[in-house]
Every structure is written in C-alpha cells, then in structure tokens.
Amino acid sequence: MLNFRIDPEFFVYPYLVQNSLKPYTQIIDQHFPGGFFLPINFATLGFTTPDSFLRLHVLLVTLICFFIFKITKNIFSVLLFLAFWSFFDGGHLWVDTFVALFALSAYYFSTQKKWLSTGISIAMAVLFKQSLVLLTLPFLLTSPLAYLPTLLLIIYFSAIFNFRDFWYITGVFNITGYAGKAFFLERLPKWIFIFTPTVLLIKKYSLLFFFLAVTLIGFLARPDAVHLQPAAPFLILLLFYFFRHYAPKLLIPYTILMLLLSIFKETRLVNNR
C-alpha cells in the first residue's frame with residue numbers, strides 16, 4: 001500500500017454532520033451511512049487525518065488476511081491475496097475496503113455456523129453498502145440471528161433519517177439515476193479474466209460463489225478497480241482453491257511471480273508521482 005489514497009468524503013461528511021447538517025436532506029450522497037453520517041462516525045472515533053486513516057487501512061487489510069488464513073489454513077492464500085491486492089487499487093481506501101472485510105468475516109462465520117457473528121458481519125457490510133443485504137438470503141431459513149442484525153439496522157436508519165429522503169437517495173436514485181447508468185464495458189479491467197477458470201469450482205463452493213456474486217454488484221455499476229475490493233477476497237479464495245485442486249505444484253511459483261509483479265507495479269506508481 002505504498003500508493004495510499006483517500007477520498008475527501010472521509011473528512012468532509014463527518015465534519016458536516018458535526019455541524020448539524022442533516023444527511024440525505026442537506027447532505028446528498030447515495031451511499032448508506034457507513035462511518036460518515038451516524039452519530040458515531042470517523043471523526044468522533046478519532047480518524048481525522050490521513051495518517052490515522054492509513055493506520056485504519058493497514059488494520060483492515062491485516063484483518064482480511066487473518067480471515068483468509070482462518071478459512072484456508074494456508075499462508076500462500078494470504079500471500080496470493082497480498083500479491084493481487086494492488087491490482088484491486090489496494091492503496092485506495094474507500095467504503096469498498098470495509099465491505100471486503102465484513103463480507104469475508106460473514107462468510108467465515110457462516111462456515112463455522114456462528115449465526116450471530118454472521119449476522120453482525122452482514123449488518124456491518126450493509127452499513128457501508130446497501131446491496132450487501134442480499135447476503136442474508138441463504139440464511140433466511142437457517143437462523144434468524146443471521147438476518148436480524150441487518151433488519152434492526154435498517155429500521156434504525158429509517159428512524160434517525162428522514163424516511164422519504166433516505167430511501168429515495170439510497171434506493172430509487174441509486175438504482176435508476178446513478179448506478180443504473182454507470183456501466184461501461186470498456187472500463188472492465190482486462191486482468192479480471194485471470195479468474196475465469198475458477199468457474200470449474202462452482203458446484204463445490206456454491207456459497208463462496210454466492211458471496212462473490214453479491215460483492216460484484218457494486219462493481220457492475222461502476223467498473224473501477226476499487227469497486228472490486230469487496231470481491232477481492234472471494235476471487236483470491238477461488239483462485240487458491242483452483243490451484244489446490246488442479247495445479248498444486250504451480251501455486252508457489254505463481255504466487256511468487258504475482259508478488260514480484262505487484263511490487264513492481266506499486267514501486268512504479270510511487271516513482272511516477
């Protein structure tokens with residue numbers, strides 16, 4: 001993450017909220033509140049400088065690596081993730097970075113049948129991106145603990161924000177006026193096709209593919225690398241499983257090669273500043 005970048009919304013929105021402007025009525029943004037618009041936000045938590053957000057970014061990526069290792073029990077899956085992270089605009093901190101962590105933790109806890117932890121993780125993902133509410137679908141008949149936190153979160157949003165403005169901006173406008181007109185095929189990263197062989201695993205890892213599909217929704221609307229971040233852990237897990245099942249001897253040299261390419265890419269970006 002030598003090429004760290006952060007958007008002004010992380011500083012401007014909490015400042016406006018602290019100065020009594022009303023989200024979705026006086027502050028127009030199509031995203032769910034995240035750490036921007038709630039009474040407890042980035043600013044109240046002490047994240048007010050680029051350095052503080054850099055530390056938070058490092059923590060988020062470290063936790064993603066932790067969950068990847070917990071899922072695979074293999075250090076090369078973590079190295080593979082780190083090798084590819086720069087291709088997902090890994091130095092760019094955005095709401096998608098938070099979604100990546102919480103969606104991945106939800107997947108991990110669901111495989112452990114820890115339904116309350118699954119539900120809390122999904123709710124945290126929904127806090128930053130509304131499309132992640134779809135992650136509750138596989139668990140509707142499994143345990144109410146997996147979806148009740150998200151339901152309570154949405155009820156809370158409806159209560160503290162202007163109901164009409166909130167749902168119009170984050171729902172109707174977000175689908176029809178913003179994301180619905182944003183897809184440009186020519187902006188699709190060409191390297192994404194590296195992952196196409198993983199479709200061979202769709203029957204064996206159906207839940208993993210479901211999580212991947214949901215986390216790709218934001219990217220389909222805005223095909224920039226940063227919007228692929230929520231899907232990054234799932235793509236890497238599938239790529240790791242592909243090597244483990246079909247080409248285990250190639251995993252180590254492939255990981256080393258991608259690490260070298262990633263280091264070259266990051267160094268080149270820093271030198272071209």
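These questions and answers cover the fold, core, helix packing and salt bridges of a predicted model. Local features need pLDDT of at least 70 and side-chain atom pairs 80 or more, while totals for chains, interfaces and linings use all residues. Residues are numbered from 1 along each chain as its sequence is written, and side-chain values use heavy atoms, with hydrogens and water left out.

Reader: What pattern does the protein follow along the sequence?
Author: Helices (H or I, at least four residues) and strands (E, at least two) are DSSP runs, numbered from the N terminus. The protein has 11 helices and two strands. Read in order, they give β-α-α-α-β-α-α-α-α-α-α-α-α.

Reader: At what angle do α2 and α3 pack?
Author: Residues of α2 including V61, I64 and C65 meet residues of α3 including V78, F81 and L82. Contact here means heavy atoms within 4.5 Å. Axes are lines fitted to C-alpha atoms over the stretch in contact, and angles run from 0 to 180 degrees between N-to-C directions. The axes of α2 (residues 50-72) and α3 lie 8 Å apart, at an angle of about 140°.

Reader: Which residues does F81 contact beyond its neighbours within four places in sequence?
Author: F81 is among the residues with the most contacts inside the largest core. It also belongs to the α3 side of the contact with α2. Leaving those neighbours aside, its partners are V61, I64, C65, I68, A232, P233 and I236.

Reader: How many residues apart in sequence are the parts that D96 and K129 tie together?
Author: A salt bridge puts a side-chain nitrogen of Lys or Arg within 4 Å of a carboxyl oxygen of Asp or Glu. The side chains of D96 and K129 meet in one, at 2.4 Å from N to O. Both residues are buried. D96 lies in helix α4 (residues 95-111) and K129 in the loop between α5 (115-128) and α6 (148-160), so the parts tied together are 33 residues apart.

Reader: Is R5 buried or partly exposed?
Author: R5 pairs with D89 in a salt bridge of 2.6 Å, N to O. R5 sits in strand β1 (residues 5-6), and D89 in the loop between α3 (75-85) and β2 (92-93). The relative accessible area of R5 is 30%, so R5 counts as partly exposed.

Methods. Buried < 20%, exposed > 50% of the residue type's maximum accessible area, 1.4 Å probe, protein only. Core = buried A, V, L, I, M, F, W, Y, C linked by side-chain atoms within 4.5 Å.
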